[in-house]
Amino acid sequence: MSPRSEAQWQEMREQSREKILSAALELFAERGFHNTPIQQIAKKAEVAKGLIYRYFDSKEDLLVGIIHSAFKEGDDYLEEANTITDPKEKLKMMFDISFDYIKGQPHHNRLLMQLSLQLDQFPVITQMIVAKYHANMPNLENLLEELGIPDHKLEANFLIAALDGIALRYLIFKEAMDLNLLKEGLLKKYIEHP
């Protein structure tokens, strides 16, 4: 058996880091940040507690890592959507991505909803969320303006609030909510508007 290459070691480190992030996300979403000790995360990730501190300085740093991962995923989707030039198709793709995320990422949604009620306890997370909001909102405003939506800046805020509300209600009611109906309603409102 030959020794591992640096690339193999790097891949193993990245896999360990991802296992830790995934375990922490699930536990933070289910039990809350304050009710989840590092030892539980280590057990769920099937790693030694000390390994967590090799990648993350603290439990809050682990939370920041989760948020960074979620933002990176969102940025990747937005980058893909930005390759579309037709504004109707771009907004349709953004709705598809948003609703797939609402349905497919319940742990992320639950954690973000919990954090949004406790932002005063996490100033670093608050700064990250506010910065991301300010970075992305002009893109949505411009897209709605391209679609001829009156009061596009106000409407962009309403749309974000609607998506947040849909995500929260889906967490509460799950399959009792018809996400396809809601998506069709948004498409009708913003793409097929009079």
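Colleague: Which residues touch the most other members of the largest nonpolar core?

Modeller: A nonpolar core is a set of buried Ala, Val, Leu, Ile, Met, Phe, Trp, Tyr and Cys residues joined through side-chain atoms within 4.5 Å. Buried means under 20% relative accessible area, exposed over 50%, and partly exposed in between (1.4 Å probe, protein chains only). Here the largest core has 27 residues, and F28, I41 and L62 touch the most other members. This is a predicted model, in which local features need pLDDT of at least 70 and side-chain atom pairs count only at pLDDT 80 or more, while totals for chains, interfaces and linings use all residues. Residues are numbered from 1 along each chain as its sequence is written, and side-chain values use heavy atoms, leaving out hydrogens and water.

Colleague: Which helix gives the most to this core?

Modeller: Helices (H or I, at least four residues) and strands (E, at least two) are DSSP runs, numbered from the N terminus. Helix 1 gives the most, with eight residues. Apart from this core lies another, of 25 residues, among them F95, I149, L159 and I166.

Colleague: What does L62 touch?

Modeller: Contact means heavy atoms within 4.5 Å. Not counting residues up to four places away in sequence, L62 touches I20, L21, A24, F28, I38, I41 and F56.

Colleague: Which residues of helix 9 are buried?

Modeller: An α-helix has 3.6 residues a turn, so residues three or four places apart point the same way. In helix 9 the buried residues are L179, K183, L186, L187 and Y190. They cover an arc of only 100° around the axis, which puts them on the same side of helix 9; the arc is that of the directions from the helix axis to the C-beta atoms. On the other side, L181, E184 and K188 are exposed. The buried residues of helix 9 pack against helix 5 (87-104), helix 7 (123-146) and helix 8 (152-173).

Colleague: How many aromatic pairs are there?

Modeller: A pair of aromatic rings is described by the distance of the centres and the angle of the planes. Rings of Phe, Tyr and Trp (its six-membered ring) pair if their centres lie within 6.5 Å; planes under 30 degrees apart count as stacked, over 60 as edge-to-face and the rest as tilted. By this rule there are three aromatic pairs. The ring centres of F95 and Y190 are 6.3 Å apart and their planes are at 55°, so this pair is tilted. F95 lies in helix 5 and Y190 in helix 9, so the pair ties together parts 95 residues apart in sequence. Ring pairs also link F28, F33 and F122 into a cluster.
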